[in-house]
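Please look over the chain shown here.

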Amino acid sequence: MTSTKTHLKISIKRAIALSTICIASVASPTFLVSEAFAKYGLGLPKSASSGGATRGDLPLITILGLEDGAKTLAARPTLYWYVAPQNTATTTSTTVPQINSGKSPFKVTFFLRDSHDRAAKSVFVAEGKADDSGLYKFTLPENAPELMKGKAQRWQIRWQGNGGASQVDVYASIRRDDEPVVSKAIAAAKNDLEKARIYAKNAYWYDALDAYTSWLSKNPKDDVALTERSDLVKAGLNNNSVFMKRDEQGKLILPAELDPKKLANFLTKLDESKGAASILLQPKIGTRPSL
């Protein structure tokens, strides 16, 4: 009995301590995410590719996710990717066929797979069309299966342009973790900015990105929040192979080293997208897509 009481007291103390951490992350108006970064990655093998092809100094499409995975509190999270402006297209061995100017329609297919392995089975597929550059988002709908608790899964975006002649696949890993103390702090938060800071403090990278972007879509002049979101994205992408230095043929220069100008250019473009465009993707039923 004494042992049980002791363990109970310890558990209560830990819960109070974590609650204090969550509250502290929103208590100060001078809070900067860059000063309180947790380790966001899951430490999975970096087999994922979060950026594909190039347009000038930018990947054609970049998934906003960590190469070694990141976690979410949500059963059906909102996920983001960025499509580069078409007028920055260049012709190199790593690009899709050049588009000179104006909008050009492209097809987007979203995949959710049952694990983070490349050969994992698809459990949900949805597709749609768009024709503009910028930041896109997609919330896993009610007719899709919830993310499995505690298991890393892969999500994937397939971009197809030029009538299907060009195709780029990008993907990242995500894991749903259940943490009641964090959920309670989020429920008590007054707005999306408070939520973003709680998520960031507790290493829920995907949720922090969503909350920051939701806040900025309504408060586009909040430069502090914009800087915090930029710092969050930078923390997630600064070890991403797509932003590493490459030779003129687009091959990675070894040993791998970050190209700060390339990442800075991406962050600048991303900052121009205060909000994100919701893309309508229709579920594709009864088919198993190719890898």
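## A strand covered on both faces

Both faces of S8 are covered. Ala152, Arg154, Gln156, Arg158 and Gln160 are buried on one side. Gln153, Trp155, Ile157, Trp159 and Gly161 are buried on the other. Buried means under 20% relative accessible area, with a 1.4 Å probe and protein chains only. In a regular strand, side chains alternate between the two faces of the sheet.

Strands (E, at least two residues) and helices (H or I, at least four) are DSSP runs, numbered from the N terminus.

## Strand partners

S8 pairs with strand S5 (residues 106-113) in the antiparallel sense, over seven bridges. Here Lys107 stands opposite Gln160 of S8. Strands count as paired if DSSP finds at least two bridges between them.

S8 also runs antiparallel to strand S9 (residues 166-176), joined by 10 bridges. Ala152 faces Arg175 of S9 in this pairing. S8 and S9 form a hairpin with four residues between them. In the turn, Asn162 has a positive phi of about 55°.

## A helix pair

Helix H4 (residues 205-218) and helix H5 (residues 223-237) have axes that come within 10 Å and cross at roughly 150°. That makes H4 roughly antiparallel to H5, a label for angles over 145 degrees. Axes are lines fitted to C-alpha atoms over the stretch in contact, with angles from 0 to 180 degrees between N-to-C directions.

On the H4 side, the contact is made by Trp205, Ala208, Leu209, Tyr212, Thr213, Trp215 and Leu216. H5 contributes Ala225, Leu226, Glu228, Arg229, Leu232, Val233 and Gly236. Contact means heavy atoms within 4.5 Å.

## The whole chain

The chain has six helices and 11 strands. Buried residues make up 48% of its 291 residues. Of the contacts with a separation of 6 or more, 70% join residues 24 or more positions apart.

## Confidence and conventions

This is a predicted model: local features need pLDDT of at least 70, side-chain atom pairs count only at pLDDT 80 or more, and totals for chains, interfaces and linings use all residues. Residues are numbered from 1 along each chain as its sequence is written, and side-chain values use heavy atoms, without hydrogens or water.

The mean pLDDT (the predictor's confidence in each residue, from 0 to 100) of the chain is 81, and 75% of its residues reach 70 or more. Over residues 1-37 the pLDDT is below 50, and this stretch has 31 contacts in the model beyond near neighbours in sequence. Residues 88-102 are also below 50, with 32 such contacts.

How values were computed. Buried means under 20% relative accessible area, exposed over 50%, partly exposed in between (1.4 Å probe, protein chains only). Angles under 35 degrees count as roughly parallel, over 145 as roughly antiparallel, 65 to 115 as roughly perpendicular and the rest as oblique.
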